[in-house]
Amino acid sequence: QALQETLRTKSPNRGSQAASIAEDLYTFTIERITDTELAYCSSVLFNAESGILKFMRDAAGMEEFAGCKEKLLDLLDAYVKMLGGGKVIQYAPDIKDTCFTLFARDKSSQVKKSTFPPLIAVLELCVGTPTAKHLDVAKMADKYFQACLQPTKHTSTVRGCIFHILGTLCEVYPEQMVPYSERLVDIYVKALKAETNSKKP
């Protein structure tokens with residue numbers, strides 16, 4: 001709720017205030033919470049009206065909240081990996097939607113980059129579960145493949161993340177990646193050659 005309040009306030013410092021709240025959330029959730037508190041913590045973090053996913057979607061594209069979103073994505077990644085499969089799967093579609101919304105709408109390369117670790121973790125955890133069909137992997141694959149075809153639109157770090165997630169999709173959802181396989185190999189080879197040539201003296 002404190003995060004949502006920063007969206008409503010007119011304070012010129014609201015971005016830094018939100019980042020400070022996110023920092024405190026990370027410290028409490030990842031460093032201090034006990035196993036017995038995980039269920040309650042999840043219900044608060046992933047609350048549909050006041051949780052961190054709702055906040056990040058509401059703040060998508062708002063540059064003053066970039067630092068806050070980056071920290072919340074770091075928190076999300078660490079928390080997903082701490083929870084593990086069964087306890088996080090119910091939140092997987094919302095996590096996927098939030099990460100993809102931020103990737104598509106945020107200008108900050110740091111925010112874009114930070115969307116990939118939690119999304120990849122969720123994709124891997126959902127393999128072979130009924131939830132996987134709710135992730136709309138085919139649409140996700142197409143969107144990231146299209147982003148891959150626009151190399152000048154993203155920084156080299158973000159391009160590397162796009163290659164990483166496409167590789168993950170090929171590994172864990174190969175049936176969804178068949179339409180892109182040959183073109184992806186070609187793109188990867190060209191990128192590798194360009195990288196190699198750029199490092200030559």
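**Side-chain contacts in the predicted model**

Phe46 has a relative accessibility of 10% and therefore counts as buried (buried, under 20% relative accessible area; exposed, over 50%; partly exposed, in between; 1.4 Å probe, protein chains only). The structure is a predicted model, in which local features need pLDDT of at least 70 and side-chain atom pairs count only at pLDDT 80 or more, whereas totals for chains, interfaces and linings use all residues. Residues are numbered from 1 along each chain as its sequence is written, and side-chain values use heavy atoms, with hydrogens and water left out.

The model contains 10 aromatic pairs (rings of Phe, Tyr and Trp, the latter by its six-membered ring, with centres within 6.5 Å; stacked if the planes are under 30 degrees apart, edge-to-face if over 60, tilted otherwise). In one of these, the ring centres of Phe46 and Tyr79 are separated by 6.0 Å and the planes meet at 55°, so the pair is classed as tilted. Phe46 belongs to the loop between α3 (38-45) and α4 (52-58), while Tyr79 belongs to helix α5 (residues 66-83), so the contact ties together parts that are 33 residues apart in sequence. Helices here are DSSP runs (H or I, at least four residues), numbered from the N terminus. Tyr79, like Phe46, is buried, with relative accessibilities of 1% for Tyr79 and 10% for Phe46. Elsewhere, one aromatic cluster is formed by Phe100, Phe103, Phe116 and Tyr144.

Phe103, a member of the aromatic cluster, has the charged end of Lys112 over its ring at 5.0 Å from the centre. Lys71 is placed over the face of Tyr26, at 4.2 Å from the ring centre.

Glu23 is partly exposed at 39% relative accessibility.

In total, the model holds 9 salt bridges. Among them, Lys54 and Asp58 have their closest N and O atoms 2.7 Å apart. Both residues of this pair, Lys54 and Asp58, are in helix α4, with a spacing of 4 residues, about one turn of the helix. Lys54 is partly exposed at 22% relative accessibility, and Asp58 is partly exposed at 34%. A further salt bridge joins Glu63 to Lys107, with 3.9 Å between the closest N and O atoms. Glu63 is in the loop between α4 and α5 and Lys107 in the loop between α7 (92-105) and α8 (109-114), so this bridge ties together parts that are 44 residues apart in sequence. Glu63 and Lys107 are both exposed.

The number of disulfides is 0 (disulfide, a pair of cysteine sulfur atoms within 2.5 Å). For Cys148, which is in no disulfide, the nearest cysteine sulfur is that of Cys170, 10 Å away. Cys170 is likewise in no disulfide. Cys148 is buried, at 9% relative accessible area, whereas Cys170 is partly exposed, at 30%.

Notes:
Helices (H or I, at least four residues) and strands (E, at least two) are DSSP runs, numbered from the N terminus. A charge sits over a ring if NZ of Lys or CZ of Arg is within 6 Å of the ring centre and within 35 degrees of the ring normal. A salt bridge is a side-chain nitrogen of Lys or Arg within 4 Å of a carboxyl oxygen of Asp or Glu.
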